[in-house]
Amino acid sequence: MKVAVLSGGVGGARFVSGLVAAAGASDVAVVGNVGDDVDILGLHVSPDLDSILYALAGLNDEDRGWGRSDETWNALETVVALDGESWFRLGDRDLGLHLVRTQALRGGTPLSEATAAAAAALGVEARLLPATDDRLRTWLETPAGDFPFQEWFVARGHRDEVDGLRFDGAEEARPAPGVLDVLDEADVLLLAPSNPYVSIAPILAVRAIRAALADRRVPCVAVSPLIEGRAVKGPADRMLARLAGGTSPRHVAGCYRGLIDAIVVDEADAHDLDGLGEVRPIVTQTLMVDAGARRRLAEAALGAVPA
Ligand code: GDP
Ligand code: CA
């Protein structure tokens with residue numbers, strides 16, 4: 001069974017690693033968010049693609065949740081000593097990827113090719129594609145002003161309430177080569193338990209990707225990033241409360257109106273399944289505490305597909 005999954009960074013990467021265990025790497029294609037991409041110290045950083053890459057290569061730091069394990073920070077210490085740009089922390093091991101990718105991009109290699117090359121070099125068998133090779137950047141509209149994603153998320157610790165979002169460049173952005181093919185060839189489409197507003201929406205902002213999901217001939221299953229109405233980490237719950245009016249399964253599903261056939265929700269949210277309409281709930285434990293839990297969650301999502 002061929003699977004295509006839309007994914008953000010950390011929550012998405014956890015799920016994608018379970019998916020690879022459940023479905024087999026060669027049948028999994030991941031379409032990743034690039035709305036968080038940022039230039040730091042002259043380097044192009046793609047945090048969400050990198051979280052997936054590191055998780056699938058077994059190089060990710062489980063405790064910190066982002067970046068690489070066994071990381072050291074010597075370069076960053078020098079940056080601090082030189083009063084350079086240090087608000088976005090890049091570790092020594094992580095830097096190597098940003099250097100290689102930035103050089104490739106400057107030489108005219110598209111992001112999709114640079115990503116595929118890195119995945120191959122790190123022994124990642126699943127297909128990893130950026131949603132687009134074009135420039136697409138998430139902006140947050142808040143009472144304190146408008147901020148590019150990383151400035152809001154990292155520099156300001158996502159403390160500002162979000163009144164609206166925009167995805168600069170999305171109008172003109174074309175899906176990266178291969179994206180429409182993997183969506184078309186998939187037997188099931190999945191939306192990872194990522195933040196609907198800042199991880200999945202920027203992918204869906206690419207018009208042809210949204211259209212591919214809207215016109216699907218196979219089931220599409222979303223996995224909720226909320227447990228007991230709360231985000232496991234990050235601002236998804238606050239954003240849903242403010243922008244969608246609540247944090248129940250119907251509010252999560254409402255972010256994907258017309259795009260999904262089923263939604264996987266946690267047992268802790270099973271008491272409030274009203275308002276889902278045509279979207280079928282699948283109730284299970286959704287906290288991905290370890291590799292077994294990640295795989296079981298992926299199996300629950302895949303189980304929504306009639307054999
Ligand atoms: P980011 O791009 O690094 O912010 O990561 P994502 O958007 O892919 O993932 C963030 C979301 O993952 C948050 O809303 C979390 O609630 C969700 N998340 C993290 N771990 C888990 C988990 O174990 N289970 C579920 N259901 N959601 C999770
Ligand atoms: Ca992200």
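1. Ligand 1 has 20 residues around it, and Ser194, Ser199, Pro225, Thr286 and Met288 come nearest. Here a residue is near a molecule if one of its heavy atoms lies within 4 Å of it. The model is predicted: local features need pLDDT of at least 70, side-chain atom pairs count only at pLDDT 80 or more, and totals for chains, interfaces and linings use all residues. Residues are numbered from 1 along each chain as its sequence is written, chains are lettered from A and ligands numbered from 1 in the order in which they are written, and side-chain values use heavy atoms, with hydrogens and water left out.

2. For Ser199, a polar side-chain atom lies 2.6 Å from a ligand oxygen. Gly9 has a backbone N or O atom at 2.8 Å from an oxygen of ligand 1, and Gly12 has one at 2.9 Å.

3. Ser199 is one of the buried residues of helix α8; buried means under 20% relative accessible area, with a 1.4 Å probe and protein chains only. Helix α8 covers residues 196-204, and eight of its nine residues are buried, so the helix is largely enclosed by the rest of the structure. Helices (H or I, at least four residues) and strands (E, at least two) are DSSP runs, numbered from the N terminus. At the start of α8, a side-chain oxygen of Asn195 comes within 2.9 Å of the backbone nitrogen of Tyr197.

4. Helix α8 lies across β6 and β8, at about 35° to β8. Such angles run from 0 to 180 degrees between N-to-C directions, with axes fitted to C-alpha atoms, for helices over the stretch in contact (heavy atoms within 4.5 Å).

5. Strands β6 and β8 belong to an open sheet of three strands, in the order β7-β6-β8 with antiparallel pairing. β7 (145-148) and β8 (164-168) stand at the edges with a single partner strand each, so one side of each has no neighbour in the sheet. Two strands pair if DSSP finds at least two bridges between them; β6 (residues 137-142) and β8 are joined by five. Trp139 stands opposite Arg166 in β8.

6. The calcium ion is ligand 2, and its protein donors are OD atoms of Asp36 and Asp48, lying 2.0 to 2.5 Å from it. Donors are N, O and S atoms within 2.8 Å of the metal (3.2 Å for Na, K and Ca); water is not among the atoms, so sites may look incomplete. Asp36 sits in the loop between β2 (28-32) and β3 (38-40), and Asp48 in helix α2, 12 residues apart. Both Asp36 and Asp48 are buried.

Notes:
Buried means under 20% relative accessible area, exposed over 50%, partly exposed in between (1.4 Å probe, protein chains only). A polar contact is a pair of N or O atoms within 3.5 Å; within protein, one must be able to donate a hydrogen and the other to accept it, and residues adjacent in sequence count only if both atoms are side-chain atoms.
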